[in-house]
Amino acid sequence: MDFSYTDEQELLVDSIKEFCERFFTEAKIRDMYEKESMSDELIQEYLEAGFGLMGIPEELGGIPCDMQTLGLLTEEFAHYSGVITPLLNNTLAMRDLIDFGSEEQVAEAMEAYCETGKPTFSLGFSEPAAGSDNMNMSCVTKKQADGTYLLNGQKTWVTQGAAFPNILVVSKDEDPSRENKGMSMWLVPLETKGLTTAPLHKIGQQIMPFCEVYFDDVVLTEDMRVGEEGQGFYNLMKNFETERCLIVAQAIGVAQAAMDDAAAYVSERMTFGKPLANYQLIQLKLVEMETAIQNSRNMLYKTLWKMDNGESVRIDSALLKRYACQEATKVASEAMQIYGGLGFTTETRLGRLWADLRGFQIAGGTDEIMVYIAGRQLAKQYARK
Ligand SMILES: Cc1cc2nc3c(=O)[nH]c(=O)nc-3n(C[C@H](O)[C@H](O)[C@H](O)COP(=O)(O)OP(=O)(O)OC[C@H]3O[C@@H](n4cnc5c(N)ncnc54)[C@H](O)[C@@H]3O)c2cc1C
C-alpha cells in the first residue's frame with residue numbers, strides 16, 4: 001500500500017490551493033451565495049486552469065487521470081474553497097456522455113464546454129412523486145407519426161437546471177405507468193420550446209440552485225436520445241457510483257475546512273482563564289472529528305482505487321456515501337459547537353458549511369437508500385453456503 005502523493009498530484013494540490021486563495025475569498029463567496037451563481041469570469045478562469053478537463057480522454061481534448069486523482073482534485077477544491085461548486089460537474093457529465101452518448105453528442109458537448117466553461121448538462125431525474133422511488137416516475141415520451149417524440153411531465157430538484165445549457169432527462173418510453181421499466185435518456189437543450197423552469201430555494205449550496213422543470217409537448221428528435229432506447233435507467237444507475245464517490249470527496253473537503261477552523265480556534269479562545277484546547281471535552285470533539293475525516297478519506301480512496309482497478313464498488317460506494325456524508329455533517333456541527341455563540345452567527349463560515357453538507361445526506365441517493373443498496377448485498381455476501 002502506498003499512501004503518498006505522486007509529484008503530479010502534489011503539484012495539482014498546490015495549484016488548487018493557489019486558485020482557491022485567489023478566487024474564493026470569504027467576501028467573494030458571500031456574494032456568490034447571495035446571487036445564487038458564480039461569475040462568468042470565475043467560470044472562465046476555471047476553464048483556463050484546466051481542472052474541468054481532468055478525467056476526460058486526451059483524444060477529446062481532456063486531461064486523463066485516474067479516479068484517485070479525480071477524487072483528490074474534488075476533495076482539495078472543496079477544502080480550499082470551502083464551498084461546493086458546480087464547476088466540477090463537467091467531468092461527471094462528460095463521463096456519462098462518453099459512456100452512453102454518440103460521438104457527435106460528445107464532440108458537441110466538448111466544443112461547447114471549451115467555449116463557455118459551462119458544464120454540458122444538469123440531471124433531470126427526480127420527480128415530485130419519484131425521488132428514491134425512481135420507478136414511479138411519470139415523465140413520458142410518445143413517438144409521433146413523423147418519427148419525432150413528444151415529451152410531457154415534470155422534473156424537480158434539478159441542480160443548475162436553469163443554468164446549464166442542457167438537461168439530461170430520464171423519461172419512460174410510451175407508457176408512464178409504474179409497471180413500465182423502459183426508460184430512455186434525452187439531452188434536451190434548455191431553450192427548447194415547451195420547456196420551462198421555476199426556481200426552488202435551497203437552505204444550503206445556494207451557489208448551485210435547483211429548480212423545477214416542466215415539459216409541455218416538447219418535441220424531441222432521435223439524435224437527442226443518449227444511449228439505447230429503454231436503457232436509460234440502467235445506464236444512469238451504473239454511473240451513480242462515480243457520482244456518489246465524488247459527492248463524498250466534496251463532503252470530506254468541506255468537513256476538513258470546518259476542522260481547520262475549529263481546531264485552530266481552540267488555541268485562541270480563552271474560557272475560565274485557559275484556552276479551550278486545555279479541556280478534555282473539547283479535545284474529545286477534535287479527536288472524534290479527525291477520526292471521522294480520516295476514516296471517510298481512507299474509505300473513499302480505497303473505493304476509488306478499486307474503481308481504478310476494475311473492481312465492483314456497488315457495496316463500497318453505498319457504505320461510503322452514507323457513512324462519510326453523515327460524518328461530515330457531524331464534523332461541521334461539532335465545529336459550530338466549539339465556536340459557541342459565534343458559530344451560530346454569519347460571522348463565521350461554519351453555518352454555511354453545515355447547511356451545504358446536510359444536503360449531501362439526501363442528494364445522489366439518501367442515507368436510507370444507501371442502506372437499502374448495501375444491506376441486501378451484504379446479506380447475500382455473508383450468507384452461509
Ligand atoms: C442538494 C440536492 C441536490 C439534488 N440534485 C438533484 C439533481 O440534480 N437532479 C435530480 O434529479 N434530483 C436531485 N435531487 C433530488 C434527490 O435525488 C432526491 O431528493 C432524493 O433522491 C430523495 O427523493 P425524495 O426527495 O423524493 O424523498 P423520498 O423518496 O420521498 O424519501 C423521503 C424519506 O424517506 C426515506 N425513504 C424513502 N423510501 C424508503 C424506503 N424504502 N425505506 C426507508 N426509507 C425510505 C428517504 O430516505 C427519505 O429520508 C437533489 C436533492 C438535494 C437535496
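In the predicted model shown above, I282, K285, M289, A292, I293, S296, M299, L300, T303 and K306 of α8 meet D316, S317, L320, Y323, A324, E327, A328, K330, V331, E334, Q337 and I338 of α9, two residues being in contact if their C-beta atoms, placed from the backbone, lie within 7 Å. By class, this contact holds twelve nonpolar, four polar and six charged residues (Ala, Val, Leu, Ile, Met, Phe, Trp, Tyr, Cys and Pro count as nonpolar, Asp, Glu, Lys and Arg as charged, and the others, Gly among them, as polar). Residues are numbered from 1 along each chain as its sequence is written. Because the model is predicted, local features need pLDDT of at least 70 and side-chain atom pairs count only at pLDDT 80 or more, while totals for chains, interfaces and linings use all residues.

Helix α8 spans residues 280–308 and helix α9 residues 314–338 (helices are DSSP runs of H or I with at least four residues, numbered from the N terminus). Their packing angle is about 155°, with the axes 9 Å apart; axes are lines fitted to C-alpha atoms over the stretch in contact, and angles run from 0 to 180 degrees between N-to-C directions. The two are therefore roughly antiparallel, a label for angles over 145 degrees. Their crossing is left-handed (the near helix is turned anticlockwise from the far one by less than a right angle; clockwise would be right-handed).

With α7 (residues 232–265), the angle is about 155° and the axes lie 11 Å apart, so α5 and α7 are roughly antiparallel to each other. Here the crossing is right-handed. On the α5 side the contact involves L92, R95, D96, D99 and F100, and on the α7 side N235, N239, T242, E243 and L246. These residues divide into three nonpolar, three polar and four charged.

The 34 residues of α7 reach 49 Å from first C-alpha to last, close to the expected 50 Å (1.5 Å times one less than the number of residues).

With α6 (residues 103–116), α5 packs at about 160°, the axes being 9 Å apart, which makes the pair roughly antiparallel. N90, M94, L97 and I98 of α5 meet Q105, V106, A109 and Y113 of α6, giving six nonpolar, two polar and no charged residues.

Definitions and conventions
Parallel < 35°, antiparallel > 145°, perpendicular 65-115°, else oblique.
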